[in-house]
Amino acid sequence: MKGFHLTLSLLAILLLLAACGKRQTSDAARVSGEIKGLGDDTLLVCGMDRLFGHIDTLVVRDGKFSDTLSVDTLTGLYLLFRDGTERPFFADRRDPIHISGSADRLTELRVTGTQTNDELTAFLEEVTGTPAPDLSAVQEKAGDFIRSHPASAVSAYLLEKYFFHQPRPDHKRIEELVAPLTGEVKDRPGMTALLDFLEDQKKVADGRPLPFIQVTDADGKKIGRSQFKDQYLLIHYWASWDAASRRANENLRPLHEAQRKAKEPKLALLGISLDVDRQAWLDAVRHDHLDWKQGCDLRGWESDAVRRMAIDALPFNVLVNPKGRIVGINLTVEEVERELE
């Protein structure tokens, strides 16, 4: 997703700001617990909606803590540890929340005290109790939960995590799972954004015309689909700061080389970077030997070329046929080659 991973320095700043601004109130959620082996620490609590989520802290002494969280309605939260481990939970005004577990098994912490947290804990324990479950098995369990708990906030969380935030989300399946949810669940902040995004992604499904996309190359010239007439076009979205998309660039080099040597190339490539630093973009292009056309508007996720394709994660690619219609999204190199054949 859009890379909200916190560095240790940023984490320290957020912890300090949260501690300074924290208010004790009788209406706040009450949280206590013990994480054996954790020692003394300060944990960050942030909202599931990372763009607008509030920040709070829990001060831990010898593995134990007891404090309040500033919430005024049922809120999805993450307990964030310094090693990057996240444990989701929910809090509401005056909720008594208890967290327990061990520092060497942070992914298996138990959060109890309210029906919503009991439901989420039971689901996570069922999943982690299954030997090496694959995604399809987890999705099956998550789907069963969502269908049987249409009024639970946990259903919204599971829908986002296990169905929406996947490399190739099954839009039809998501719509089927969303349909029976109550209005209150659909109106949750994350769900409204998810549903809006789902509508946007329908516009870039297979068989649809590619939306108008135009980016600027290193010389300031505009690049658009019309410059690749009579060829398939693979558009690859990447960024210098995203390791996965740069590895995907590396995988594309043999494909580009084969097309460059072909007497009648069937495929052209276009890289679109989400960088906001021009020098970082150009350095990555040079370092990674990206010899095909490259464009970047230096606007990151706010670039028109990104927004019109409803992209929310990197790497991302879209294959367009010579008629300008989308024939594949997030294809592997092998899948692109099969499409060309």
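This is a predicted model: local features need pLDDT of at least 70, side-chain atom pairs count only at pLDDT 80 or more; totals for chains, interfaces and linings use all residues.

User: Why is N317 called buried?

Analyst: Buried means under 20% relative accessible area, exposed means over 50%, and partly exposed is in between (1.4 Å probe, protein chains only). N317 has 10% relative accessibility, so N317 counts as buried. Across the protein chain, buried residues make up 45% of the 341 residues.

User: And what makes D62 exposed?

Analyst: D62 has 62% relative accessibility, so the exposed label applies. D62 sits in the loop between β3 (55-60) and β4 (64-69). Leaving aside its neighbours within four places in sequence, D62 is in contact with G39 and D40 (contact means heavy atoms within 4.5 Å).

User: What does N317 touch, not counting residues up to four places away in sequence?

Analyst: On that count, N317 touches L234, I235, H236, G328, I329, N330 and L331.

User: What makes the link between T85 and D83 a polar contact?

Analyst: A polar contact is a pair of N or O atoms within 3.5 Å; within protein, one must be able to donate a hydrogen and the other to accept it, and residues adjacent in sequence count only if both atoms are side-chain atoms. The side chains of T85 and D83 make such a contact at 2.9 Å. T85 lies in the loop between β5 (75-80) and β6 (86-91), and at 16% relative accessibility T85 is buried.

User: G324 is in a loop too, so why is G324 called buried?

Analyst: Its relative accessible area is 13%, so G324 gets the buried label. That loop runs between β14 and β15 (326-329). Not counting residues up to four places away in sequence, G324 touches R208, P209, L210 and R225. G324 and R225 are 99 residues apart in sequence, yet 7.7 Å apart in space, C-alpha to C-alpha.

User: How do you know how many disulfides there are?

Analyst: A disulfide is a pair of cysteine sulfur atoms within 2.5 Å. The structure holds zero disulfides. As for burial, C46 has a relative accessible area of 7%, so C46 is buried, and C296 is buried at 5%.

User: Last one: which residues line the largest cavity, and how are they sorted?

Analyst: The lining is L210, I213, Q214, I223, G224, R225, L233, I235 and L270. They divide into six nonpolar, two polar and one charged. Ala, Val, Leu, Ile, Met, Phe, Trp, Tyr, Cys and Pro count as nonpolar, Asp, Glu, Lys and Arg as charged, and the others, Gly among them, as polar. A cavity is a set of points on a 1 Å grid over the protein atoms alone where a 1.4 Å probe fits but cannot get out, and lining residues have an atom within 4 Å of a point.

Notes: Residues are numbered from 1 along each chain as its sequence is written. Side-chain values use heavy atoms; hydrogens and water are left out. On a 1 Å grid over the protein atoms alone, a cavity is a set of points where a 1.4 Å probe fits but cannot get out, and a pocket is an open set with protein on both sides within 12 Å along at least five of seven lines; lining residues have an atom within 4 Å of a point. Helices (H or I, at least four residues) and strands (E, at least two) are DSSP runs, numbered from the N terminus.
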